[in-house]
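Hi,

Here is the structure I said I would pass on.

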Amino acid sequence: MSETATTRPAPGPPEQRPGGAVFKLDRVHVSLPTQAGDREILHDISFEVAAGEIVAIVGRSGTGKTTLLRILGGLLPPSDGSVLLRGRPLTGPSELVAMVFQDYAQALLPWRSVGSNVALGLEGRLAKEQRRERVAEALEMVGLDQRAADHPWRLSGGMQQRVQIARALALRPEVLLMDEPFGALDAMTKASLQDQLLDVHARTGATIVLITHDLEEAIYLADRVFVIAGSPGELQAPVTTALPRPRDQLTTRELPEYLQLRHSLVTALATTR
Amino acid sequence: MTRRINLPGIAVVVILIALWQLVVDTKVIDFNYVSPPSQIADRIVDLARDGELSDNLWHTVSVALQAWVIAVGLGVIVGLLLAYSAAARTFTMASVDALRTVPVVALVPVALLVWGPSAKSEIVVAAYAALWPIVINTMGGLRSVNPRLHDVARTLRLSRVATARKIALPAAAPEILVGARLALGTSLVVTIVAEMVGNPAGLGYALIEQQQALNPAAMWAYVIVIGIVGVALNYAIVGIGRLLVPGSARRLGDAGA
């Protein structure tokens, strides 16, 4: 899949994107009000995400992974610290960023067709003809160009998640934020969607920040893996994967480096709470 | 959606009518003013033939529908306001709860005094009564829209108007439709009550007129016609709802059966 990817015309190829840091978080704290007063969810988070990079954030449940992604998406302001997107303070959802949620069944509009779900973010911003092109292009990237007229509930879970990814891609985002995107899918569907995501990454050069509780998925997809641990969550030093691309479900996962990373990350996670 | 004709259900209705005919014919029930179905049917045909029925029918149905349309339009707007403005809720929910629990029949004489015995009076009271189920269901439906859809709207940077129009209202459509159905029933009932106690027109007045003229068969004829109008309007709105909101059939349940 990835071999053919480089030969296809890429919408927004990597070399056209500005380099440097996409996100820069500096001493970010998040507290959310609860009945028992404010509770700190994230503690002193500082990190950068470089353009075109794939960053995975892993951690046990309750460590604030989703909260961190909502911060990056502009859905939640930090209680303290600064969040810069391309050097500018983030004040709300940005046009450079698209988000994919885990619960695809809730995130798609059941009364709209697949194509019209994908078009949702383009309506009122692009002329009809351009919109149609963008939707076709996005659906083609996730292999659903034949299903544009179907309604989401007629598709399998994996296909529905691809519709959501297509809706994000249609915006031609610089950054793709994904909250446990393949968490609800079976192992085989998950593997094929992982490869599709890497294919999309190779074609678009988008920066990807994804949250997962699957360590192996994190190593397989990412350039860097952050472990978030504790309550409130704190970010541990990242692990750079440095595995060769294109990656392959069989050979990549058999590399000694892969097994080494898996070993050290499992150990790192086991010592956290 | 195709619906199979409910034969056992229809059989029960036919048997009940036959039984009614039988107990009246055999004088098991012998009240002067309980007419047998055969006589009532004859009277419906008579009333239809001289045009009296269709005039009354048209008056009542058009008043009830006008009131309903006003209630739906106003109710959805008020529901939107209450769903999205905390200030609007804080200041008005107490009034809304008080107003919607006032038995609307008590307001019929008031309306008659203000607007006189006219179709306008009927429309005002019926629309008032039909407003509340729409307001409550619109507000409830909008407030129970899955928060994930609001996240989606925000990350796609939809405007407030686009969010309401493209996401919130369609998501709440099944609930709004339930409200609209309840409102149509309410509108018809209140219209008929207003005709009985105030405006001398329509099916409600005709029913009272026949009762006071001691014409039981004609009175029963109007009772049956009013029943049929209620059932027909309910069927119509459930059918329209199925067309407009394909997913609503399940949530409306057996409303039309």
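**Where chain B meets chain A**

Glu95(A) and Arg157(B) join their side chains in a salt bridge, with 3.7 Å from N to O. Keep in mind that this is a predicted model, so to speak of contacts here is to speak of computed ones. In total, four salt bridges are counted between chain B and chain A.

As for the interface as a whole, chain A puts 22 residues into the contact and chain B puts in 14. About 1700 Å² is buried between the two chains, and carbon and sulfur atoms give 59% of that. Arg157(B) turns up again here: together with Arg148(B) and Leu156(B), Arg157(B) supplies 37% of the area that chain B buries against chain A, more than any other three residues.

**Inside chain B**

I also looked at a helix pair. H4(B), residues 86-101, packs against H6(B), residues 119-143, at an angle of about 135°, and the axes lie 11 Å apart. Angles over 145 degrees would count as roughly antiparallel, so this pair is oblique instead. The crossing of H4(B) and H6(B) is left-handed.

On the H4(B) side, the contact is made by Arg89(B), Met93(B), Val96(B), Leu99(B) and Arg100(B). H6(B) brings Tyr128(B), Trp132(B), Ile136(B), Met139(B) and Arg143(B). Sorted by class, that contact has seven nonpolar and three charged residues, with no polar ones.

Cheers

Methods:
Residues are numbered from 1 along each chain as its sequence is written. Chains are lettered from A and ligands numbered from 1 in the order in which they are written. This is a predicted model: local features need pLDDT of at least 70, side-chain atom pairs count only at pLDDT 80 or more; totals for chains, interfaces and linings use all residues. Side-chain values use heavy atoms; hydrogens and water are left out. Axes are lines fitted to C-alpha atoms, for helices over the stretch in contact, and angles run from 0 to 180 degrees between N-to-C directions. Helices (H or I, at least four residues) and strands (E, at least two) are DSSP runs, numbered from the N terminus. Angles under 35 degrees count as roughly parallel, over 145 as roughly antiparallel, 65 to 115 as roughly perpendicular and the rest as oblique. A crossing is left-handed if the near helix is turned anticlockwise from the far one by less than a right angle, and right-handed if clockwise. Contact means heavy atoms within 4.5 Å. Ala, Val, Leu, Ile, Met, Phe, Trp, Tyr, Cys and Pro count as nonpolar, Asp, Glu, Lys and Arg as charged, and the others, Gly among them, as polar. Buried area is the accessible area (1.4 Å probe) that two parts lose on being put together, summed over both.
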